[in-house]
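Here are my notes for your first read-through. Keep the view open beside you and take the points in order.

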Amino acid sequence: MQFPGRRKKLIGSSQNDLYDHCLQFYGQPPLENISLTEFETFAVERLKLLKTVENLGVSCVKNSEQYTKKLDAEISKFFFNKEDGISEYEKRRKDHISHFILRLAYCQTEDLRRWFIQQEMDLFRYRFNDLHSKHKTDFLHKNNLKYETVSAEEKKSLQDKLIASSYGLSGTKVEEHDVYKVPFQDALDLVRTRKVYLLAGNAYIPHHEIVTIVLNDFRTRLSKALAMTARSLPAVQSDERLQPLLSHLSHAYVGQDYSIQKNIGKISLEQIDALSGKSFPLCMRHLHKALRENHHLRHGGRMQYGLFLKGIGLSLEQALQFWRSEFVKGKVDADKFDKAYAYSVRHMFGKEGKRTDYTPYSCMKVILSNPPSQGDYHGCPFRHSDPELLKQKLQNYKVSPSGTNQILELVKGMHYQLACQKYFELTHNVEDAGFSLNHPNQYFTESQKLLSGGRDIKKEVDMSQRSQENPASVTRPSQANSKQAHEEMGDLDSFFQDE
Amino acid sequence: MSTSDYDPACLPDLLPLYYRRLFPFSQYYRWLSYGGVSKNYFQNREFSFTLKDDIYVRYQSFTTQNELEKEMQKMVPYKIDIGAVYSHRPSQHNAVKSGTFQALEKELVFDIDMTDYDDVRRCCSAADICSKCWTLMTIAIRILDRALREDFGFHHLLWVYSGRRGVHCWVCDDAARKLSVAARSAVAEYLSLVKGGEETVRKVVLSDPIHPFINHSLSVVERYFQQYAIVDQDILGSKESVDKVLAVLSPLCRQMKSFTREGSSVSYDLHFSCVSVKSNSKKGGQYFDKEIMLQYCYPRLDVNVSKGVNHLLKSPFSVHPKTGRISVPIDLKELDTFDPFEVPTISLICEELEKPRAEEAEEDDMKDKENEQEAGERRRIRDYKRTSLAKYVKVFDRFLEAMARSRKGEMLKKSDLQKDF
């Protein structure tokens, strides 16, 4: 992608040529000028869409009614333009540009790439399946997927064989729908499991399976493209306008950010030990235990845990007292603490340096950035702990063996937040957490809510109504969903206050 | 016949003779050059040699046929393996920047080893083979050859006797040589039906619908089953072996009713009237007769051999040190009469070399006096023709011819498209 460098102004008449289909493989980067605002808006909105794709992908069965309804709504929202509706061209342009911007943000590490590819694939699969059969074939042809359709006579002569080899095929289906001839090298998954008919090196793929083939192609292309993008990234990052934006995008969290403290001073320091067992997510429980045992935490752990504590309502004074009392038990004397560590605690509360009021880390941030090394206790235990150790820890915390197994299964499938949610369900003895976990402080709030029988909700609602005048915050209890985040869009700066 | 004549201790004397006068270097070079279409294809090919005293050397490569000959005559390898075509000359791989030396292409290969059938053959075990169990190889070749040609569209397959207890298949099509690891493994898995090791009793599980590939394979097995399993292997011949057959089914049914074995001419009825299975209509129970046939006869291949692009496999025309037999190409037209015990040993063919020359040979002698080098080659060609190796080299020649014709056809097609005349 040429960036920022050469750009051409797009002439109106070639609009239709550029986007001749509502779906695309994103082969060619956009070649126009856009404003920074549009750049940011497009990126953030697509990110929200992809996050929804991810959430729905793990919470609903793909292609179930619930899944389709919700995803459909989200996609419409993405393409929605508040003014008089949006032209087809505008939609496709937004699709195109937003994808490429996110490539810049998500090409940098293996984890980010994997996440991005997975969500883009799921989104693509949904949109492709939604297409009319004719448009599907159209798409294949326009993208040089030289998959010929099998002639009617050949279909008839091979009918029995086709039915015997492919899942879900019947005589009528073979007659009515297209069957594609694809070189077997492009259909390896079907060949490997012998779920397709092979003849003379070609796999005969029924219509409903062609999306798998297309997806493989999509994945390969995107994977290669991301690798290439990563190589040209330094040039992009040197542009000062874009660098902060891009780095925030890859850590962006699109829900409530717990930056505004509610219930300040409501928690007393004596309660923390008990709370850590009852209402802390596993990562924070782990950090708290390590702090108590070692009377010390390294920077990563101090940030993750310290900000979390701020989020649950510790005041600056309380925080200082908490950290000092613990560190002093260790190798640090009071003087050294005041000189070295107190500064960083105040920094967390925005009382030093650039006075940014740091926001507690979201799950995504904890999982994706700054992996722990030897001697660290931060990170997400579901992501960063060795499964055996995790199993032991869960057993120590009295999680049932079957529950532990469920958690480990989710971990194996890389659904770390769902694993934590399951941990919530098991430790609180509920069948359904009732929320979609995205943030450690959300875990805490939900847990407190549950344990106190919902009594605290009203108080929080009052507080949030009061703080609504502050444009930098929108606080609505629990559900971190995109509707709410959409309203946060009003002030982009605060949105990216993740550091 | 000739096995008794072979003594491994003679190898150090026989091998030099073999490499000087019998090994078909020119055909071998012709094969591995693939028409010279890709630059440096032969030069970048890895060979590995096992020398005397089990010294193993890898990353051997040669720039010309002549160099190959000279080196082999000098080093006198006991075993020769062929590996992949790399990005650089294998003999110089240490000089290449780390990470850039890569295996690029190789034939798609399959290795069928009789030892993998030990649980279902009664006549032999381990490295032994006999005429009774050799049928397994025949069945394997027929099934795999058909599938590779008809299902996968490959044309140039070289089947080779390994020299002791199995066969190898070299798929030499352009497309095959360019296959990725994932593709090779997918092909191998498509072709695999017998799954499971020692702990698995029921190794073949069939369910509706039956894929056409399985049906094709079954029809091959059925052709041979009567003679092979019932007669030669006699799987219904004793209570013990019958029990073994039943054990495969035991998870499915408790009662076996009848299968007939009429007097002297054995006929079998593998439609076991298995009461409990019918009434349970348990999934998979309906095909147990087919499952048994497949478990006893279907080819067992080692996916790992086929998967790797850089995997080294025994070379055709290499000698098997334990049996002395030459790894010869198998003529599929004569497959049913192929007898591994008739395959010439190195001692036999060296012996045949010493026999008094026929008349025509004397004529050629005159021509030889003219040109020494050509003479050397001609002599060698004459030489193997005088031995039992001849007919196998002919099979190899036909294989090479077919590939050459095909390459020519491809080039014509290409030039037609480009309108080059």
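**Notes on salt bridges, interface and core**

1. Over all chains, the count comes to 42 salt bridges. Keep in mind that this is a predicted model. Side chains of opposite charge can pair when their charged atoms come close. The next points take up some of these pairs.

2. Start with Glu88(A) and Arg92(A). Their side chains meet in a salt bridge, at 3.2 Å from N to O. Where do the two residues sit? Both belong to helix 4 of chain A, residues 88–106. They are four residues apart there, so about one helical turn separates them. Glu88(A) is partly exposed, because its relative accessibility is 37%. Arg92(A) has a relative accessible area of 16%, so it counts as buried under the 20% cut-off.

3. Now look at Glu326(A) and Lys329(A). They form a salt bridge, and their closest N and O atoms are 3.6 Å apart. This pair lies in helix 15 of chain A, residues 316–329. The spacing is three residues, so about one helical turn lies between them. Is Glu326(A) buried or exposed? It is buried, at 1% relative accessibility. Lys329(A) is exposed, at 52%.

4. Move to chain B for Arg45(B) and Glu107(B). In their salt bridge, the closest N and O atoms are 2.8 Å apart. This pair links distant parts of the chain, 62 residues apart. Arg45(B) is in strand 1 (residues 45–51) of chain B. Glu107(B) is in the loop between strand 4 (103–105) and strand 5 (108–113) of chain B. Arg45(B) is buried, with a relative accessible area of 0%. Glu107(B) is buried as well, at 0% relative accessibility.

5. Salt bridges can also share partners. One network of this kind joins Arg46(A), Asp95(A), Glu120(A) and Arg127(A).

6. Next comes the interface. How many residues of chain B are in contact with chain A? There are 23, and they touch 17 residues of chain A. The area buried between the two chains is about 1500 Å². Carbon and sulfur atoms give 64% of that area. In chain B, Tyr190(B), His211(B) and Pro212(B) lose the most area to chain A. Together they account for 32% of what that side buries.

7. What charged pairing crosses this interface? The count between chain B and chain A is one salt bridge. The side chains of Arg192(A) and Glu189(B) meet in a salt bridge, at 3.7 Å from N to O. The interface also has eight residue pairs in polar contact.

8. Which helices of chain B each supply at least two residues of the side that touches chain A? They are helix 4 (131–151), helix 6 (181–190) and helix 7 (212–232). Helix 6 of chain B gives the largest share, seven residues. By type, the residues on this side of chain B are 16 nonpolar, four polar and three charged.

9. The largest nonpolar core has 184 residues. Tyr18(B), Trp31(B) and Leu191(B) have the most contacts inside it. Helix 4 of chain B supplies the largest share of this core, eleven residues. Another core lies apart, with 58 residues, among them Leu282(A) and Tyr443(A).

10. Chain B has 15 helices and eight strands. Of its 421 residues, 52% are buried.

Definitions and conventions. Residues are numbered from 1 along each chain as its sequence is written. Chains are lettered from A and ligands numbered from 1 in the order in which they are written. This is a predicted model: local features need pLDDT of at least 70, side-chain atom pairs count only at pLDDT 80 or more; totals for chains, interfaces and linings use all residues. Side-chain values use heavy atoms; hydrogens and water are left out. Contact means heavy atoms within 4.5 Å. Buried area is the accessible area (1.4 Å probe) that two parts lose on being put together, summed over both. A salt bridge is a side-chain nitrogen of Lys or Arg within 4 Å of a carboxyl oxygen of Asp or Glu. A polar contact is a pair of N or O atoms within 3.5 Å; within protein, one must be able to donate a hydrogen and the other to accept it, and residues adjacent in sequence count only if both atoms are side-chain atoms. Ala, Val, Leu, Ile, Met, Phe, Trp, Tyr, Cys and Pro count as nonpolar, Asp, Glu, Lys and Arg as charged, and the others, Gly among them, as polar. A nonpolar core is a set of buried Ala, Val, Leu, Ile, Met, Phe, Trp, Tyr and Cys residues joined through side-chain atoms within 4.5 Å. Buried means under 20% relative accessible area, exposed over 50%, partly exposed in between (1.4 Å probe, protein chains only).
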